[in-house]
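Biologist: I would like to learn how to read a model like this one. Could you take me through it, please?

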Amino acid sequence: MAGKIEARLAELGIVVPTPPTAVANYIPFVTVGRLVFVAGQVPFVDGRIAFSGKCGAGASIEHAVASARACLLNILAQLKAAAGGDLDRIARLVQLRGYVACTPDFTDHPKVINGASDLAVQIFGDAGRHARAAVGVPSLPGDSTTEIEAVAELA
Amino acid sequence: MAGKIEARLAELGIVVPTPPTAVANYIPFVTVGRLVFVAGQVPFVDGRIAFSGKCGAGASIEHAVASARACLLNILAQLKAAAGGDLDRIARLVQLRGYVACTPDFTDHPKVINGASDLAVQIFGDAGRHARAAVGVPSLPGDSTTEIEAVAELA
Amino acid sequence: MAGKIEARLAELGIVVPTPPTAVANYIPFVTVGRLVFVAGQVPFVDGRIAFSGKCGAGASIEHAVASARACLLNILAQLKAAAGGDLDRIARLVQLRGYVACTPDFTDHPKVINGASDLAVQIFGDAGRHARAAVGVPSLPGDSTTEIEAVAELA
């Protein structure tokens, strides 16, 4: 029997990706009590970084929003694994921290990270509303356009 | 009856601002158990970003310190809301993470974020002493000079 | 009687440094319940920043890896203090957040922060495996090459 969130994902036409494995000597999430700390997710899609380049230097807002959305899907995949496969066990998304690779003159970081925040609220409803930080960085692993960390609470 | 922290704020001549609303699809704080995660606060004052520009490229240390102080006042406003209006319920400030918009040659990030840390200790005393990170970034939302995230513990 | 982790450190030939004091108005760690939040550690060795400069602008990967390793040793020192001197009380390392001072064209942040992650796993074994983020920044306090924050869980 599909859960409430899985049903919502089906409505939205979203397939939870295979959770990316960590690219170095760390693990994709750690659970402490009811808190899940999710490692920074880059826009891996089908095993490669699907969104690269920097805002203000060739990467459009639309490209960066899609990158943020890809990061959120990978966070979703990690949360599903953290919840033993049952996304209904995610009581709430607590926090997202979004890094945007950009030039010094770029100022629209919130618009970019909305690609993740909006999708989180579409999927989880009120439980997807989170505290957030969005900041610029000169570069990210593998020239990713965005990287996003998450903290969630398990039911 | 004013609380202990409100009395201290009055002594310091500090008025807690109206907590800024989130500028995107997220919320300004999330409480999990006794931990409050406060979203990254930029130097909004009276509804606009009051401190913009970068350290090393026109923004002085004094300007940046004032920006960090404005961020801390907004964190204070969010914590007051998180504590149901009673700042005495903030058991302690756990962590501040300060981002300083700056050029690559800038090295005085700690001096800048002291604008927030010093004010936190003035207001909360020992309970205001926190773990901290201070880092540079190429740019922040709306060309803010600083952005600061916080974690606090409720009594 | 030396603990399990102290014995492992002896095997590895690692001496836990004196925990660096905070360079500003904050404290090096805060404990809330079983979580320890460690302030951002720069590569202080014997009271001075031992690794400075930026990846992509003179600092080699090897230099940056050594910088990340120095940050991890300082995190270790702080965790030892947080655990009342007994590193066996560290139940697990939950999270590392690594900032790499670099140019916009740098893409090997994970390799750099592996200097910390690999050492954590050498010291703590499976309990040292952590969630992680690695991002670039234009500059860090005192021209440090890396800065790393940590969250750990006490037994």
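Predicted model: local features only at pLDDT ≥ 70, side-chain atom pairs only at ≥ 80, totals over all residues.

Biologist: What pLDDT does chain A average?

Modeller: pLDDT is the predictor's confidence in each residue, from 0 to 100. Chain A averages 95, and 99% of its residues score at least 70. For the model, ipTM is 0.95 and pTM is 0.96.

Biologist: Which rotation superposes chain B on chain A?

Modeller: Copies are superposed by least squares on the C-alpha atoms of residues with pLDDT of at least 70 in both. Here the rotation is 120 degrees, with 0.0 Å of shift along the axis and an RMSD of 0.0 Å. The two copies are thus related as by a three-fold rotation axis. Within chain B, Val137(B) comes closest to that axis, its C-alpha lying at 3.2 Å.

Biologist: In what order do the strands of the open sheet in chain B run?

Modeller: Strands pair through backbone hydrogen bonds, either parallel or antiparallel. Two strands count as paired if DSSP finds at least two bridges between them; helices (H or I, at least four residues) and strands (E, at least two) are DSSP runs, numbered from the N terminus. In chain B, 5 strands follow the order 1-2-9-7-8 with mixed pairing. Strand 1 (29-32) and strand 8 (131-137) of chain B are the edges, each pairing on one side only. Strand 2 (residues 35-41) and strand 9 (residues 146-154) of chain B run antiparallel, joined by 5 bridges. Leu35(B) stands opposite Glu153(B) in strand 9 of chain B.

Biologist: Which strands does helix 2 of chain B touch?

Modeller: Contact means C-beta atoms, placed from the backbone, within 7 Å. Helix 2 (residues 61-82) of chain B packs on the sheet, touching strand 1, strand 2, strand 7 (90-101) and strand 9 of chain B.

Biologist: And which residues does Leu72(C) touch?

Modeller: Not counting residues up to four places away in sequence, Leu72(C) touches Ala116(C), Leu119(C), Ala120(C) and Ile148(C).

Technical notes
Residues numbered from 1 in each chain as written. Chains lettered and ligands numbered in written order. Contact = placed C-beta atoms within 7 Å. Axes fitted to C-alpha atoms, helices over the stretch in contact; angles between N-to-C directions.
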